[in-house]
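Please consult the sequence and structure shown below alongside the text.

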Amino acid sequence: MDTAYMTIEEARQKLRARTISSRELTGMCLARIRRYDGSLHAFLTVTEDEALSAADEADRRIAGGLDGPLLGIPVALKDLFTTKGIRTTAGSRIIGSYVPPFDATVVYKLKEAGAVIVGKTNEDAWGHGSSGENTDYEPTRNPYDTGRVPGGSSSGSAAAVASGMCLMATGTDTGSSVRLPAAYCNLVGLKPTYGRVSRYGIIPMASSFDTIGHITRTVRDNAMVLGVTAGHDPYDATTADVAVPAYVPKTTGTLKGVTIGLPKEYYGVEGMDPDVAKTIEDAVLVFKKLGAAVRQVSLPHTGAAMACYYILVPSEISSNLARFDGVRFGLGRDTFGPEAKRRIMLGTHTLSAGYYDAYYRKASKVRTLIRKDFADVFGTVDALLVPSSPTPPFRIGEKTADPLTMYLSDIFLCPMNIAGVPSLSVPAGFTRGLPVGMQLAGPQFSEPLLYKIGAAFEKETAYYNVHPEGF
Amino acid sequence: MDQQFEPVIGLEVHVELATRSKMFCGCSADYFGHKPNTDCCPVCLGLPGALPVPNRKAVEWCIMLGLALGCSIPEVSKFDRKHYFYPDLPKGYQISQYDQPLCIGGLLSIALPGGSAKPIRIRRVHMEEDTGKLLHETVDGRHVSLIDFNRSGVPLVEIVTEPDFCSVDEVDIYLKKLQEIVRYLGISNADMEKGSMRLEPSISMRKSQIPMTKSPKNPTSQDLKALPPYRVELKNINSFRFGRKALEYEIARQTEVLVRGEEPVQETRGWNEGKNMTVPQRHKEEANDYRYFPEPDIPPMQWRRSQISVLRSRIPELPDAKRSRFTKDYGLNAADAVRITERRQRADYFEEAVRVGRTLGAKAPVTPKQIANWLINRGIDTETVLPAELVKRIMEASEAVTVSDDDVDAAIQKAITDNPKAAADYKNGKEASLMFLMGQVRKQIAADPKLILTRLKELLANYSL
C-alpha cells in the first residue's frame, strides 16, 4: 500500500499499532507539500512547526494509551476556517495578513479530536467560484491533469487530499464548493444538512446557504469526520439541536429496500457531456445490481434554481462583505477581486429600495417552492442520484471570460443548498482519464443513509484506489 | 409662536437594557466608565465568522416593555440587517428589526396639565444592538479618531410613537412617563445623561386646524392625512433639556420658514449645544438606503400565548395603577401620590413604612399622609434610613409636638427642684450633671430632646444657688 494515499481508517490502525508515528505521517505530508505544491498551489499557508509539535503531542498521547477519533491524523483547513494565531485569508488579498484571535468551532472540535493541522488551503476568494481561479493568489491545479481546474471553491482542499498532502481537508459548500472539487478530484465530499455543522468562525459567504463540509478519500473516512464536526453549537443559533448518530456504523448494509430517484430535470439537459452521462448511467446500473430500486422523479422548479440562487446569494454576500471596510484591519475595498466586486454590486442592487420586491422577495418565494420540491420528492423516494457536474474538470482559463458559464458549472449542485438538504458527492468513475462525480441527496439529517448508499457503491467500485499520476 | 401653525412631533426613543451580557454575545453590557475595548469579543467586534446568538432576557424585557405600553405581541418576529457605513459599526450593518418587530400598536396615556389625559399611540417597540463609540482626540500631537467597542452590541430597545405630540410639554410628559415605566420594570436606568435613554424626535409644522384649546383625543385618519409633506429629524440630543431646546428652536425656525411662504427642507438636523441651535446633518437626497433583509444568522422567533402570559405576569404594578391605589387606599392627594411613586423603590419604601407605622404606632398610629410628607419634604435618604427608623422619627417628632412648652418647663423645674445638688454641680462647671438632669426630665415627659436641652440650659442659667 502506498502510504501517501492511506485512508484515515488505515492510518488510525497503523498509529494505534505503532507501526507508524504521527510525526512520520505528518512529516511525509509536509514533504509532499514541499515537493508538489509549487506546481499545484493547494496551500496558502503551511503550518509546519505547529503541525510537527501537534504530531509529537499526538504520539505522546498514543503512547499514553489515549485515543481520539482523528488523533495524529494530518488534515488541512480551507482558508475560510478561522484559526487562532494562524493567518486566515479567505483566499483574498484584502485580509491577506489577518491573524484571528479565535478558533472556529469546527477547528476547535478537530483539534480536540486530535487532528494535526498541516496548513490552510487555497480557494476562490471568499468561496466565490467553481474552479479555484477566483483566488487572489495562484490558482490551484487539478492533480489528475494540471492543465485543468480542481473545481472550487474548496480547490486547495481537494487538490491537497487528492495528491496525498493530507488525509482530509475541510471545505465549505454554499452552492457546490465541497462537492464540485470532490467530484473533479475523485474524492468524497459532503455538503451536510444546513444546521448540522456549526458555522461559528467560518468566514461567511451566504449565511443561509453556507454549510461546513469536508473532503476525504473514502465514504467511511467522511463519516468519521462528520462524527467529529456535527452537532449543536451554542455559538451558532442556526445549528439544530438534533442528536449526532454514530455515522461510521451506518456505512455498511444492503441497498435492498432503498429507492433512489433520478430527477428528470437533471438528465438529458443541454451542455451535458455524453461521456459523463454514460458514466452516471453505468453507476445507476451498479445501484440496481446492489439491490436498490431506481425510478424517475421530478423536481419541477429546478429551472428557476440558478436565478433564485444568484439573487439570494449575492444579496447575503454584499451584506457579509460589508465589514471589510479597511477601518480596523485589512486593506481597502478597492482590493476586492473582480468576482467579489461583481457579487457585491449584484447583491447591493437586489436589496436596494425599489428592487427588493422584484428580486430578493421574489427569489425568497422561489426558494420556498424549491424546498417544497425536495420535501415532496422525498415523500416518494429515499434519496436522489444526480451528476455532480455536466462535464469533467475543465481547462484552466476555459470559463474565466464568461462568469455566467462559470456559474452554470454548479447547476446540479446549488439546488441542494437552496433546499438545505444534505448531499454527498462520491467518485462515479473516469472519462478520458478525468474523474467524474455523482451526488446522493437526501432529506434533512439523512447523512447516515447517504453514507450507506455511497459506501455500498464505493465497495463495489473502489475508485479511490485510482491515484493521480506523478504525485 | 405664530398661532397659525402647530407642531406635529413623533418620537423615537432608544433605551439601553441593563442586562448582564450584551445582545448577541456574552460580554458585559455594563460598559460605563470601563477602559476602552475591554468588554469585547469576536462577536461584538464583528470579526469574520463570529455569529450573533440573541440574549433571551433582553428579548423578554423588550416584550415586557411593549406589554406595559399596551402593545400586542405578534406570534412571529424576526431580526433584520440594517446596512450603513460608519466606523463605529463593525459589521457594516446593525442587527435590528424591520417589518416584524416584537411589539406593535400600543397606547400610552399622558396626563396633561389641567387634568385631562391624552393618548399617545405607540407604533412599535423593537430590539436592536448598540454601536461602538467614536472618540476624537489628540494623540502625540495628531488629531485622531479612536473607536471604543465596549458599547458595541449592548441591547437597545427602540420605542416609536405616531406623530401625536402637539407641544414640547407633551413630549416632556411622555418622556418622563416612559422613563418611569422603564425604571419600574427594572430593565434600564433610562438615564439620558449617561446615554442609556436617547431621544430622536421628528418634527414638522402644520396649519392649526383644531382649536388650540382642544387636542385630538383619538387622532383619526383625517388627522393623519393632514401630516405636513416634510419632516425634520433631530439628532444628538443628550438630555431632556437639550430635547426641549432643540424642539423649541425647530418650532421657531420652521414657523419662520412657513410664514415666509416657503416649505422647510426634509432633512436630519443635529442639536449643537455650543451654538444653541440645530444644524443640518443630512438631506433627503443623501438619505441612506439601509437595504434591510432578514438576518440569516438568527432564526425567526415564535411565541406561544402562554409564553406571553408568563411575561405579562412578571410586569409589576405600574405607576398609574400604583397612584390610583395610593390615593384610594392611603388617602394621599394626587400630587403626593405622583411624587411618592416616581420611583418604584420609593413607593415600596413608602408602603413598608406604612406597614411599620401601623404596628409600631399602635397607640398613636403614624398615618400614611405623615409618611408621605416626611418622604417628600424632609429629603429622607431611603438608602440609609430604614422604614422603621423613619416611623420612629415621625413618632418622636409628633410626640414632641403634642407636649406644650409649659409642660416641658414644668418638668425641667421639677427635675431641678428634686436634684438641687446636680443643678449646683452644673453651675460649678460639672458638665456631666447636665446629662443627669436631662435624663430626669425625659423620665417625666416625651418631648423633642433638643428642645429639652435648650430649655434646660436656659432655666439653669436663671437658676440661682
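Eight cavities of 30 Å³ or more are counted, a cavity being a set of points on a 1 Å grid over the protein atoms alone where a 1.4 Å probe fits but cannot get out. The model is predicted, so to speak of local features pLDDT of at least 70 is needed and side-chain atom pairs count only at pLDDT 80 or more, while totals for chains, interfaces and linings use all residues. Residues are numbered from 1 along each chain as its sequence is written, chains are lettered from A in the order in which they are written, and side-chain values use heavy atoms, without hydrogens and water.

**Largest cavity**
- The largest cavity holds about 110 Å³ of space, a volume being the space filled by probe spheres set on grid points joined across faces, edges and corners.
- Its lining comprises 19 residues, each with an atom within 4 Å of a point; B:Phe24, B:Val43, B:Cys44, B:Pro52 and B:Lys91 are the closest to its centre.

**Domains of chain B**
- Chain B has domain 1 (5–312), domain 2 (317–402) and domain 3 (405–462), with bounds from an automatic or database domain assignment.
- Between the C-alpha centres of domain 2 and domain 3 of chain B the distance is 34 Å.

**Interface of chains A and B**
- In contact (heavy atoms within 4.5 Å) are 35 residues of chain A and 31 residues of chain B.
- One salt bridge is counted between chain A and chain B, a side-chain nitrogen of Lys or Arg lying within 4 Å of a carboxyl oxygen of Asp or Glu.
- B:Asp297 and A:Arg199 meet through their side chains in a salt bridge (3.0 Å, N to O).

Terms used
On a 1 Å grid over the protein atoms alone, a cavity is a set of points where a 1.4 Å probe fits but cannot get out, and a pocket is an open set with protein on both sides within 12 Å along at least five of seven lines; lining residues have an atom within 4 Å of a point.
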